[in-house]
Protein chains: 2
Amino acid sequence: MMSRLAPRWPAWLFWWRAACAQGVSAQQRTWAGASRIPGPGGPWGATGTSPLVRRGSSSAPSCAPEVMLTRERYSVRRLPFSVVSEDDLAALERIVPGRVVTDPEELEAPNVDWLRTVRGSSKVLLRPRTSQEVAHILRYCHERNLAVSPQGGNTGMVGGSTPVFDEIIVSTTLMNQIVSFHNVSGVLVCQAGCVLEALSRYVEERGFVMPLDLGAKGSCHIGGNVATNAGGLRFLRYGSLRGTVLGLEVVLADGTILNCLTSLRKDNTGYDLKQLFIGSEGTLGVITAVSILCPPKPSAVNVAFLGCPGFAEVLQTFCTCRGMLGEILSAFEFMDAECMKLVGLHLRLACPVQESPFYVLIETSGSGAGHDAEKLSGFLEQVLGSGLATDGTLATDQRRIKMLWALRERITEALSRDGYVYKYDLSLPLDRLYDLVSDLRARLGLHAKHVVGYGHLGDGNLHLNVTAEAFSPSLLGTLEPYVYEWTARQQGSVSAEHGLGFKKKDVLGYSKPPEALQLMQQLKALLDPKGILNPYKTLPTRT
Amino acid sequence: MMSRLAPRWPAWLFWWRAACAQGVSAQQRTWAGASRIPGPGGPWGATGTSPLVRRGSSSAPSCAPEVMLTRERYSVRRLPFSVVSEDDLAALERIVPGRVVTDPEELEAPNVDWLRTVRGSSKVLLRPRTSQEVAHILRYCHERNLAVSPQGGNTGMVGGSTPVFDEIIVSTTLMNQIVSFHNVSGVLVCQAGCVLEALSRYVEERGFVMPLDLGAKGSCHIGGNVATNAGGLRFLRYGSLRGTVLGLEVVLADGTILNCLTSLRKDNTGYDLKQLFIGSEGTLGVITAVSILCPPKPSAVNVAFLGCPGFAEVLQTFCTCRGMLGEILSAFEFMDAECMKLVGLHLRLACPVQESPFYVLIETSGSGAGHDAEKLSGFLEQVLGSGLATDGTLATDQRRIKMLWALRERITEALSRDGYVYKYDLSLPLDRLYDLVSDLRARLGLHAKHVVGYGHLGDGNLHLNVTAEAFSPSLLGTLEPYVYEWTARQQGSVSAEHGLGFKKKDVLGYSKPPEALQLMQQLKALLDPKGILNPYKTLPTRT
Ligand SMILES: Cc1cc2nc3c(=O)[nH]c(=O)nc-3n(C[C@H](O)[C@H](O)[C@H](O)COP(=O)(O)OP(=O)(O)OC[C@H]3O[C@@H](n4cnc5c(N)ncnc54)[C@H](O)[C@@H]3O)c2cc1C
Ligand SMILES: Cc1cc2nc3c(=O)[nH]c(=O)nc-3n(C[C@H](O)[C@H](O)[C@H](O)COP(=O)(O)OP(=O)(O)OC[C@H]3O[C@@H](n4cnc5c(N)ncnc54)[C@H](O)[C@@H]3O)c2cc1C
């Protein structure tokens, strides 16, 4: 098998091949220098575990400064909804007994977003357990003209999950039951409040994987994922939730339960209504249950982490990789040197390869470890031999794989510790993807702390982030509409995967024509005529 | 490489392995007996080519009996649309000069469906070339309250593409231009009237494949595929059009052009409007252009055709195959012995393996021929060794692969030559998938000519077909609602991939709850308030 390979192999590859041939369980292999397999507490950070996100809690670190109220920071006017009265509280208490939260302290966290950029002033949070309870809540709110803000794990990036004024927060936290899992088809049916990571664990124990994965997995809910049409780290391989979500149960604004919770791979009976709710960010209905197709768990997973000398080389590495790894390629992520600096600075994660201007993380998932290793070694030989990558490390066991992934997954977290974050999540043509980062870095100079670029390169998705000590209207003015206009000129998307929520709702027009906006408004009016569902979100403010 | 395999190999596998090892370009290999590689005009049928469908024409064979008018066969009442006047013809002639067809002979074919089960009496067919022309047509029809029936390749299976009364046929035949193709991303943008097979050829020459393939490829249009949310033969691998279609341009009922023709892999700016039109069967808008993501062309494709002793073995073969072939599995189709009999009888295609109660066609597509062959041989050894399959043949070159595929793809055609076809396209739980076929066969006895089952097993999709000398209301009464009730009891779908069109519109309720029906009606009313787009289709008759 091995002898068929080209003779021009660098030394490290021989080392690795030798290790394989000897059946050595080589946990992680590094090249271009001495082996850097870290011990516990070594260069990988203090703990060795990877708390990818502030798990199970979206509360602010106690030392964090208070977040300005959304209604004060932004010029936004409260719409004429009713105000929650004592009678309302009593009625709601009858619907979800013991699960009506009004304690101001308890309400602090759910009023603030993960990024600590927006803050609402809701005085009530409800914790339904069943779809019927959600239906009762909405029927009541609809009748009383009370506005509602649906909330999952509150990890959203665009201020969609927190109230803007005093909307009632309807949290899915207690809707965390798995309804069924089919061992042959891999179809999982569960309530909307199941945490993604818990679902992952559940299906992995049964030989399957969730078709999506994101850095927020420890907190985000599957209902929130569907409501935002989350992309994430497996999009390249398993595609969009629009294909993998098989069915939804949704409660409409007036409390009607719409049961489209089918488990069928194919169903062309009439319009596919569930699509309306995927990505609608809680503005058209509250998702209460999800049916999703889980692919079989790959028996072999490898992660390579490479350093690249320039962005052109990152792109060429991607093309090479797609050609040579084909169907086993499951992720292609990139980050720039600034990102690496920040995860080092704030999270004490060490760079596992030589310092480089760019890094890529490549994951393969396949059904034949030997075949995959052979494909991967051919690819690595090619990119390292040709100088597309200057250094690299490979992980094949779960722990090391997680460590490499942490470097990429925890960038969001590192950024949020760096200060106020101006976040842009753009789809751009691959060849122009990084130009905007360089351009902005020059443009902003010392006005920004950091300007970083990373993201799901394989999907043409750039996360452009700018950090500063604090929120500043003038910095915002330099960034916007500049970033959006730049993106629009490239026919890009001003929100690739994060959605629009509160903070991006007015930029929709950069990616969609007026006819589309009008139809969206009509759909909103059809499904939520009183506008009680997540008001001030997703659709532009009507002027 | 070979020596690692188990020693318990049957003789044929040794033959094959020997052939591989000797570098013999074994074009097609058969087992369990003498090699059956056919010469031209041999058991594969007369021509050696595979005219998978009556290409480029949906006209009836000249000898075929006249098809009864839909309005006479079914109790359906014309809605109060205007009737096309001489003034209208003059106005339409100004919009699409020289492309207004009124010749009764030319109108015969587009008035009748591919299956020859429904017939309209349209007196006008229009052949626009551009979206602007479609927009003008619809604006005019909308104002004049003239009903319209959009038509692509007219290969639909549910009577959706032909008028029911005198609707104006808007054909996309001349809208067959490719707009752009991106060699790195694989994004194809084209007009709606491009024939699927032509697109396949185009992208394959550039190293990509279309993410969908169907037996009707020689005639069906990409716009029709999207309008029906076609599934087909590659669904198992590349998933639904809901994931692979990146953008659409659609003309709305009032002539508004909705341009959502983005080429971005990800775009979460507002509601995903294109999803409304995917699978809406021409009832919500006319699709004029499509942007679609084409996956890279696999460098190695293999097709195995196996005979299985029972349906339980078919299912076990599927599970084994999914486990052992993993990411290279690209199709898993099945057909029963009756299907094989019909393709033999009507198309003179010979069975390439020993006669069996069931046959499966398994396709692999991968990036490493050697790896794929190794995986496949392991799998074949397993299923043949364990008796899950009793005989098999393998094709690795394009011509033989096409021949094996023809057996499966041309079943629809063979059935249509067998008489009047009662067609059911169901999603069912895998373990009950074939029960309905056996059940009906017993139930119908001599009332039917043939009762056959085949389909996309990997997607849980059964095509159940019953043939008879001619249409008979009493046979229909025996079949319906029985088939639908049976399906509903299994929580199945009464239309997995064909849609509802005219013939299935009233069975929607078997797979969708009343709340869903109501929302569909509301969407129709929102997008097409006058109901001029493909009336009498998709949504149930209001009573
Ligand atoms: C560290 C980190 C990494 C991330 N990585 C990614 C990534 O790779 N890709 C990506 O796409 N996103 C990513 N995100 C963003 C975020 O995690 C996703 O948007 C996630 O899907 C949100 O889920 P949630 O349960 O936290 O929803 P929330 O934040 O609670 O809500 C998000 C939106 O959905 C609505 N909503 C929530 N639940 C429901 C429901 N049941 N019914 C109706 N509406 C509802 C809310 O009203 C709000 O508008 C990341 C976030 C963090 C913090
Ligand atoms: C031999 C054979 C094999 C087949 N195999 C499969 C299969 O494997 N999987 C599968 O899903 N289907 C299959 N079909 C069914 C059929 O081919 C598909 O439904 C196909 O997608 C229809 O495309 P078309 O261009 O022929 O559309 P048509 O038949 O012309 O139209 C179908 C419907 O779409 C509407 N429509 C067409 N074009 C437009 C447009 N531009 N805008 C709006 N509405 C439009 C029509 O009004 C009609 O309601 C098969 C058919 C045949 C004859």
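Predicted model: local features only at pLDDT ≥ 70, side-chain atom pairs only at ≥ 80, totals over all residues.
A polar backbone atom of Gly153(B) is 2.7 Å from an oxygen atom of ligand 2. A backbone N or O atom of Asn154(B) is 2.8 Å from an oxygen atom of ligand 2. For Thr155(B), a polar atom of the side chain lies 2.7 Å from an oxygen atom of the ligand. How much of ligand 2 does the protein bury? On its own, ligand 2 exposes 960 Å², and 98% of that is buried by the protein.

I turn now to ligand 1. Here 36 residues form the surroundings, with Pro150(A), Gly152(A), Gly153(A), Thr155(A) and Gly156(A) the closest. In chain A, strand E4 (148-151), helix H7 (222-228) and strand E10 (286-293) each contribute at least two residues to the shell. Which of the elements gives the most to the shell around ligand 1? That is H7(A), with five residues. The shell divides into 11 nonpolar, 23 polar and two charged residues.

As to individual contacts, an N or O atom in the side chain of Thr155(A) is 2.7 Å from an oxygen atom of ligand 1. The side chain of Asn534(A) places a polar atom 2.9 Å from an oxygen atom of the ligand. Ile287(A) takes part through its backbone, where an N or O atom lies 2.9 Å from a nitrogen atom of ligand 1. Of the 960 Å² of accessible area that ligand 1 has on its own, the protein covers 98%.

The next topic is a contact between the chains. Helix H13 of chain A and helix H13 of chain B, residues 369-385 in each case, have axes that come within 11 Å and cross at roughly 180°. Because of that crossing angle, H13(A) is roughly antiparallel to H13(B). Which residues meet across this pair of helices? From H13(A) they are His371(A), Glu374(A) and Lys375(A), and they meet His371(B), Glu374(B) and Lys375(B) of H13(B). By class, this contact has no nonpolar, two polar and four charged residues.

I move to a loop in chain A. Ser82(A) is located between helix H2 (70-73) and helix H3 (86-95), in the loop that joins them. What does Ser82(A) contact, leaving aside its neighbours within four places in sequence? The residues are Arg144(A), Asn145(A) and Leu146(A). With Arg144(A) there is a polar pair: its backbone oxygen is 2.6 Å from a polar side-chain atom of Ser82(A). The C-alpha atom of Ser82(A) is also 9.2 Å from that of Cys141(A), and the two residues are 59 apart along the chain.

Finally, some points of backbone geometry. Most residues other than glycine have a negative phi, and most peptide bonds are trans. Against that background, the peptide bond from Glu480(A) to Pro481(A) is cis, with omega near 5°. Pro481(A) sits in the loop between helix H17 (473-479) and helix H18 (482-489) of chain A. In chain B, the peptide bond from Glu480(B) to Pro481(B) is cis, with omega near 10°. The loop that holds Pro481(B) runs between helix H17 (473-479) and helix H18 (482-489) of chain B.

Where in chain A does Arg116(A) lie? Its place is the loop between helix H4 (104-111) and strand E3 (125-126). Arg116(A), a residue other than glycine, has a positive phi, near 60°.

Key. Residues numbered from 1 in each chain as written. Chains lettered and ligands numbered in written order. Heavy atoms only, no water. Near = heavy atom within 4 Å. Polar contact = N/O pair within 3.5 Å; in protein donor to acceptor, adjacent residues only side chain to side chain. Areas by Shrake-Rupley, 256 points an atom, 1.4 Å probe, with all protein chains shown as cover. Helix = DSSP H or I, 4+ residues; strand = E, 2+ residues; numbered from the N terminus. Nonpolar A, V, L, I, M, F, W, Y, C, P; charged D, E, K, R; others polar. Axes fitted to C-alpha atoms, helices over the stretch in contact; angles between N-to-C directions. Parallel < 35°, antiparallel > 145°, perpendicular 65-115°, else oblique. Contact = heavy atoms within 4.5 Å.
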